[in-house]
Number of protein chains: 4
Amino acid sequence: MRNKEQTYKQIMETAFTMFSEKGFDQTSLTHIASEIGISKPAIYYYFKSKDELIKTLFEMIVAEIQSITFIDLEELDAKNVKSILYQVGESAILRQEKDLKFNQLFNHYVLLSTRDDYYSEQLTKIQKDFLNIFENILTKAVHLNAIKEENIVIKSQLLALVFDNITTFILTDIKLDYKKIWREAVDSVLKGIEHDEQ
Amino acid sequence: MRNKEQTYKQIMETAFTMFSEKGFDQTSLTHIASEIGISKPAIYYYFKSKDELIKTLFEMIVAEIQSITFIDLEELDAKNVKSILYQVGESAILRQEKDLKFNQLFNHYVLLSTRDDYYSEQLTKIQKDFLNIFENILTKAVHLNAIKEENIVIKSQLLALVFDNITTFILTDIKLDYKKIWREAVDSVLKGIEHDEQ
Amino acid sequence: MRNKEQTYKQIMETAFTMFSEKGFDQTSLTHIASEIGISKPAIYYYFKSKDELIKTLFEMIVAEIQSITFIDLEELDAKNVKSILYQVGESAILRQEKDLKFNQLFNHYVLLSTRDDYYSEQLTKIQKDFLNIFENILTKAVHLNAIKEENIVIKSQLLALVFDNITTFILTDIKLDYKKIWREAVDSVLKGIEHDEQ
Amino acid sequence: MRNKEQTYKQIMETAFTMFSEKGFDQTSLTHIASEIGISKPAIYYYFKSKDELIKTLFEMIVAEIQSITFIDLEELDAKNVKSILYQVGESAILRQEKDLKFNQLFNHYVLLSTRDDYYSEQLTKIQKDFLNIFENILTKAVHLNAIKEENIVIKSQLLALVFDNITTFILTDIKLDYKKIWREAVDSVLKGIEHDEQ
DNA sequence: GATGAATGAGAATTCATTCAT
DNA sequence: GATGAATGAATTCTCATTCAT
């Protein structure tokens, strides 16, 4: 009741958890408020509407995704292409296994995007950025002479699809060795286009 | 509209369309009934509750998925492993591009599964079946001496993930050459483990 | 619970009374429903929204006003101009004294019209019709040679204003002899323009 | 904005405008506060409650009405009865055309009076004062031998009703020549009871 | 087979009001 | 003098569900 920042944070965190677990429609502000132990109108003090809360949370998530998937291409050199690629996937797998809620919530936004243009546009942007990451890595690798310029657009899209779906599969009850699968993906895709010294 | 079977069918079809477009929570029985031009209680004549309608629809979808993804391993021989794999993906891509609603609705069930054990269990089964398809193909290919026995479990899981995510990506606004991506996936995965005569 | 027409009528009547007594904002659907002894959603079965209930009631009132203020000009002849005018006012005064709620509710619509174009337009129409009634009577009287053609537009507007405000004043606690006032208005206005035989 | 008096004035002025435009129920303290640029609780520093703000504003209006409708009977003499009466109406019409908000707000209090005895009593008093003004003028005119003592109570009430409704009609979209109507009213009412020299 | 009429529960939102600071 | 933070109560409205007919 005293600390503004704290209440705000609590709302965001509780919303994050509840939305990720039950979706937007099944999570009422009454639920959120009573979970935190505040009154419903208190939420309205911080957010103009439920939609605004959902949107604010989305922006937070987007920012986080962008910071997480950021890769410094400067680090890339002829020798470490593969290990960088391994690492990108492995760190995502690790994070996802630790914070299942994150991707879960993200999926709710994906469905929300089918009925709301704002989310639809934003998500398309994110997905494109995401595809670009792998294309940029492979393109740079070509310039570095680490791999041959062969079908690299398609190959990078393939990697992106695998990467993306691994994080989704982790949400299911199916326990696979996702790290190995990712390494296999990287290996398979690069096999044959790596230069000899690699 | 008088005919029992017909009304039932109409309810199922309308539910299919509306659920896929707006999700379960955003589709009320009132909407469905008025879309068909029947009264709301009429739905209760055919389905005990909204949940039961959702479940019945799910069972229909599951049956359809199983019939669609069925592959007759008998057809497989040493020479056509790759083309069979190509075909599996391509026919799925074709179908999906024609009937976006199907996968869209499936995604709603995926999210529903996070808060309902019944769906969670069913979906896990489906995903496992799905993983098995590719494992069975590759295993058979090994027996047929078409490919070497090298990491084939992981490889088949990799193919399954790509296959699965292609159908999901088709739903987004991002237009990629999914057929090429799938061929690349098959090629990459089999590269190096194919026997010479292949 | 059984009779559709009855429930509808009850809602309309209760809304009529409560709206006229407390205005639209201070009358909640909960109030109306509990006054009738039905549930709140029952009202929604008959009216799409509170606004629609308000509008339906308005249309009823407008129809009633039109039927009440209708005057058959055919009845008018050179001898009865004054007595017809007396009668118009007296019957309105009588009705208003019997059904205070009616004009009270009408006043709420007048205020509503300041924030809703629909009501604003409708009310302007009604007021104009109303002004026309007196103009038509006086014009006809001129044709009948009952009165001289002298300032009759202004005179008819004057009568309309008096007529209108009498019904409003009746709502207040001030008891005046409204019939006498109305007769005085008619007499004053016609004085000097009546033809000799009148 | 720092100054106590000034903030008080701003609240009163903003309340005046907003209440007159949207009525009491549709004007929230939040609206008023944000319009002024102060916090909602600040209003509570000056007024115990919303009701008190409404009441204070009412008292201000009543005072203004009384000052506006005050007529110095001393000015009246046998020659200027009509011109004084013309003037009373014309200045009211002029003022009203300039400040529509005033009468609009007054109307809100009229409706409020139907559910609140305080306003009901106050308004009755005002209306009576108002009726008295015209009665006093005509009575004085009789004493001055300007007009005959004939039905002057009813006549003065008639004038009051016309006067009152003119200011109300100005609020509607109907543009009439209110000055002419008023003159017609005065002329009609006095016609026949004026003394010859008049 | 189907519906008209109705309901209880619960949703988002707004408001006047309070109080520690 | 003024406000940030919060609340209880109320509002409109929607929904899944029921049941007599």
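Visitor: How do you know which surfaces chain D and chain C use to meet?
Guide: Compare the residues on each side. Of the interface residues of chain D, 100% are also interface residues in chain C, so the two copies meet through the same surface. Keep in mind that this is a predicted model.

Visitor: How many residues take part in that meeting of chain D and chain C?
Guide: Here, contact means heavy atoms within 4.5 Å. By that test, 38 residues of chain D are in contact with 38 residues of chain C.

Visitor: What makes up the area buried between chain D and chain C?
Guide: The two chains bury about 3600 Å² between them. Carbon and sulfur atoms account for 66% of that. On the chain D side, L111(D), L161(D) and E184(D) lose the most area to chain C. Together they give 17% of what that side buries.

Visitor: Why is the pairing of K155(D) with E184(C) called a salt bridge?
Guide: Set the distance against the cut-off. A nitrogen of Lys or Arg must lie within 4 Å of a carboxyl oxygen of Asp or Glu. The side chains of K155(D) and E184(C) meet at 2.6 Å, N to O. The pair therefore qualifies as a salt bridge. In total, two salt bridges are counted between chain D and chain C.

Visitor: Which other pairs cross between chain D and chain C?
Guide: Twelve residue pairs are in polar contact across this interface, both residues at pLDDT 80 or more.

Visitor: Which helices of chain D supply the side that touches chain C?
Guide: Five helices each supply at least two residues: α1 (4-22), α6 (100-113), α7 (117-143), α8 (152-169) and α9 (178-190) of chain D. Of these, α8(D) gives the most, with ten residues.

Visitor: What classes of residue form that side of chain D?
Guide: There are 13 nonpolar, 13 polar and twelve charged residues on the side of chain D that touches chain C.

Visitor: What makes you speak of an axis between chain D and chain C?
Guide: The turn is 179°, the shift along the axis is 0.0 Å, and the RMSD is 0.2 Å. The two copies are thus related as by a two-fold rotation axis. In chain D, the C-alpha nearest this axis belongs to S188(D), 2.3 Å away.

Visitor: How do you know how chain B and chain A are related?
Guide: Run the superposition on that pair. A rotation of 179° with 0.0 Å of shift along its axis puts chain B on chain A, with an RMSD of 0.2 Å. S188(B) has the C-alpha of chain B nearest the axis, at 2.3 Å. The same surface serves both copies, with 100% of the contact residues of chain B recurring in chain A.

Visitor: What does the interface of chain B and chain A bury?
Guide: About 3600 Å², with 66% of it from carbon and sulfur atoms.

Visitor: Why do E184(B) and K155(A) count as a salt bridge?
Guide: Their side chains meet at 2.7 Å, N to O. The limit is 4 Å, so the pair passes. Between chain B and chain A the count is two salt bridges. Polar contacts join twelve residue pairs there, both residues at pLDDT 80 or more.

Visitor: What makes the salt bridge of R183(B) and E90(B) a tie between parts of chain B?
Guide: The two side chains meet at 2.8 Å, N to O. R183(B) lies in helix α9 of chain B and E90(B) in helix α5 (residues 81-98), so the pair ties together parts that are 93 residues apart in sequence. Over all chains, the count comes to 20 salt bridges.

Visitor: How far apart are the closest C-alpha atoms of chain B and chain C?
Guide: They lie 12 Å apart, and no contact joins the two chains. Chain B and chain D do not touch either, with nearest C-alpha atoms 31 Å apart.

Visitor: Which residues of chain A carry the label "DNA-binding region"?
Guide: Residues 28-47, according to an unreviewed UniProt entry. Over that stretch, chain A is 75% helix and 0% strand. The end C-alpha atoms of the stretch are 14 Å apart.

Note on methods: Residues are numbered from 1 along each chain as its sequence is written. Chains are lettered from A and ligands numbered from 1 in the order in which they are written. This is a predicted model: local features need pLDDT of at least 70, side-chain atom pairs count only at pLDDT 80 or more; totals for chains, interfaces and linings use all residues. Side-chain values use heavy atoms; hydrogens and water are left out. Buried area is the accessible area (1.4 Å probe) that two parts lose on being put together, summed over both. A polar contact is a pair of N or O atoms within 3.5 Å; within protein, one must be able to donate a hydrogen and the other to accept it, and residues adjacent in sequence count only if both atoms are side-chain atoms. Helices (H or I, at least four residues) and strands (E, at least two) are DSSP runs, numbered from the N terminus. Ala, Val, Leu, Ile, Met, Phe, Trp, Tyr, Cys and Pro count as nonpolar, Asp, Glu, Lys and Arg as charged, and the others, Gly among them, as polar. Copies are superposed by least squares on the C-alpha atoms of residues with pLDDT of at least 70 in both. UniProt positions are given in the numbering used here, feature names are shortened, and annotations may be inferred rather than shown by experiment.
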